[in-house]
Amino acid sequence: MKILISNIFIIISLIFITLGVFGVFRYKNFYSRILIASYVDTVGFLFMMVGVIIRYGISWFSAKVLLIVVIVVLINPVVTHSIGRSAYHGGYRIDKEDNSD
Amino acid sequence: MIEIATYIISFLVMITAIKIIMGPTIWDRLLAYNLVMAKILMLIVLFSVIIEKSYLLDIAITYSLIGFISTLFIAKFVKDRGKI
Amino acid sequence: MIEKIFFVILIVSAIMAVQTPKMRRAVVYLAVFSALSAFVYILMGAPDAALAEAVIGSTISTIIYLAALQKYKVFMIYLLDEKQDTHHREHISHRKDPILTTIEDFCTKRELEPLIVYTVDELDFIKEKPGWDLIVTKVKNRYVLHGREQNYHAMALKDEWEKEKKKKVSFVIEKEHE
């Protein structure tokens, strides 16, 4: 039963990760790409780690995975913000009128 | 299921590496590099699930703690035009 | 099977790191190379080497490369399209102006790092900002290059172009006015 639930979570996370990689190629606007790459990928990561934790129950393995989840949730927005800030202050501008994406 | 997931994620790593090579600007490359780092982190965790050894998770913790520093420094290097 | 995929990516990123003309791209490729090789070490059954590679290769060597790259000076090139209605979104990725390859060759020869910024802002707005070295505008198949008089790299570029007598390029030099 545990294995089944964790497999379902891992399948959901694979769908999210695939959509994230697809969105990086699909969108032409750079700031949309930042949004896709940060949100969708973090959600996929969270689902996969929750699947692994469910698979192992309460143990040291799950504790280490939980530590990784906490670190990634804290650090990943910092990196994305840094890239976006670097692009904005470095002069990467897209058309302001173009709101189609 | 875990093995199939590792295959799919390594295939996605390959596609993201194509984005690193063909991305028009340096920021696209940094974004794709960030994605590759997150996917390798997932792969290490899944691989430690497959062989059922928990010491690989220590490597994953180190990877997640230290892997973001290079991205931050490259972004700052580009923003300040050649100064760290 | 997984190793073979990662071997292919490793070889491609190593070749790209050697082949690319821009130094900062080579830094990114080498960072990718280190990050992937750490995982390949784990697949090969050497987690201690993977730990060392993740710490040293992916972080410290990248910062050392960036510190070495500070010797290079950055040459800021703004490229703007006057016709804003034809400024299409795929402009950046698909079409590369032939004048840019000439400028990049010039920068590689003089050990400069070209940083090209595509923009749709007005010309005067860019000239107000500090830090530009060259502005390229394109009016009806003619290129107009704006440079400053006290910038000797831009003046050397102007001299090189006037020696070759290219028809389609004209140069505008800004005088320093107090």
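Guide: Helices (H or I, at least four residues) and strands (E, at least two) are DSSP runs numbered from the N terminus, and the expected span of a helix is 1.5 Å times one less than its number of residues. This is a predicted model, in which local features need pLDDT of at least 70 and side-chain atom pairs count only at pLDDT 80 or more, whereas totals for chains, interfaces and linings use all residues. Residues are numbered from 1 along each chain as its sequence is written, while chains are lettered from A and ligands numbered from 1 in the order in which they are written.

Visitor: How far does α2(B) reach from its first C-alpha to its last?

Guide: Helix α2 of chain B covers residues 26-51 and has 26 residues, for which 38 Å is expected at 1.5 Å a residue. The model comes close to that value, since the reach from the first C-alpha of α2(B) to the last is 37 Å.

Visitor: How many of the residues of α2(B) are buried?

Guide: A residue is buried if 20 or more other C-beta atoms, placed from the backbone, lie within 10 Å of its own, exposed if 12 or fewer do, and partly exposed in between. By that count α2(B) is mostly covered, and the number of its 26 residues that are buried is 23.

Visitor: At roughly what angle do the axes of α2 and α4 of chain B cross?

Guide: Axes are lines fitted to C-alpha atoms, for helices over the stretch in contact, and angles run from 0 to 180 degrees between N-to-C directions. Angles under 35 degrees count as roughly parallel, over 145 as roughly antiparallel, 65 to 115 as roughly perpendicular and the rest as oblique, and α2(B) and α4(B) are therefore roughly antiparallel to each other. The axes of α2(B) and α4(B), the latter covering residues 68-79, come within 11 Å and cross at roughly 170 degrees.

Visitor: Which residues of α4(B) make the contact with α2(B)?

Guide: Two residues are in contact if their C-beta atoms, placed from the backbone, lie within 7 Å. The contact residues of the two helices divide into 6 nonpolar, 2 polar and no charged, where Ala, Val, Leu, Ile, Met, Phe, Trp, Tyr, Cys and Pro count as nonpolar, Asp, Glu, Lys and Arg as charged, and the others, Gly among them, as polar. α2(B) contributes B:Ile26, B:Leu30, B:Tyr33 and B:Asn34, and α4(B) contributes B:Thr71, B:Ile74, B:Ala75 and B:Val78.

Visitor: Which helix gives the most to the side of chain B that touches chain A?

Guide: In this interface 32 residues of chain B are in contact with 34 residues of chain A, and the chain B side divides into 23 nonpolar, 6 polar and 3 charged residues. Helices α1, α2, α3 and α4 of chain B each supply at least two residues of that side. The helix that gives the most, with 10 residues, is α2(B).

Visitor: How do the residues of the side of chain B that touches chain C divide?

Guide: This contact takes 37 residues from chain B and 35 residues from chain C. On the chain B side, α2(B) gives the most, with 10 residues. The residues of that side divide into 28 nonpolar, 6 polar and 3 charged.

Visitor: Which residues have the most contacts inside the largest nonpolar core?

Guide: A nonpolar core is a set of buried Ala, Val, Leu, Ile, Met, Phe, Trp, Tyr and Cys residues joined through C-beta atoms within 7 Å. The largest has 72 residues, and α2(B) gives the most to this core, with 18 residues. Those with the most contacts inside the core are B:Val36, B:Ile44, B:Val45 and C:Val32.

Visitor: Which residues of chain B does C:Val32 touch?

Guide: Helix α2 of chain C covers residues 23-43, and 15 of its 21 residues are buried. Not counting residues up to four places away in sequence, C:Val32 touches C:Ser13 and, from chain B, B:Ile20, B:Tyr33 and B:Val36.

Visitor: In which strand is C:Ile77 found?

Guide: With 21 C-beta neighbours inside 10 Å, C:Ile77 counts as buried. Among the residues that C:Ile77 touches are C:Ile103, C:Pro114 and C:Leu134. The strand that holds C:Ile77, covering residues 73-81 of chain C, is β1.
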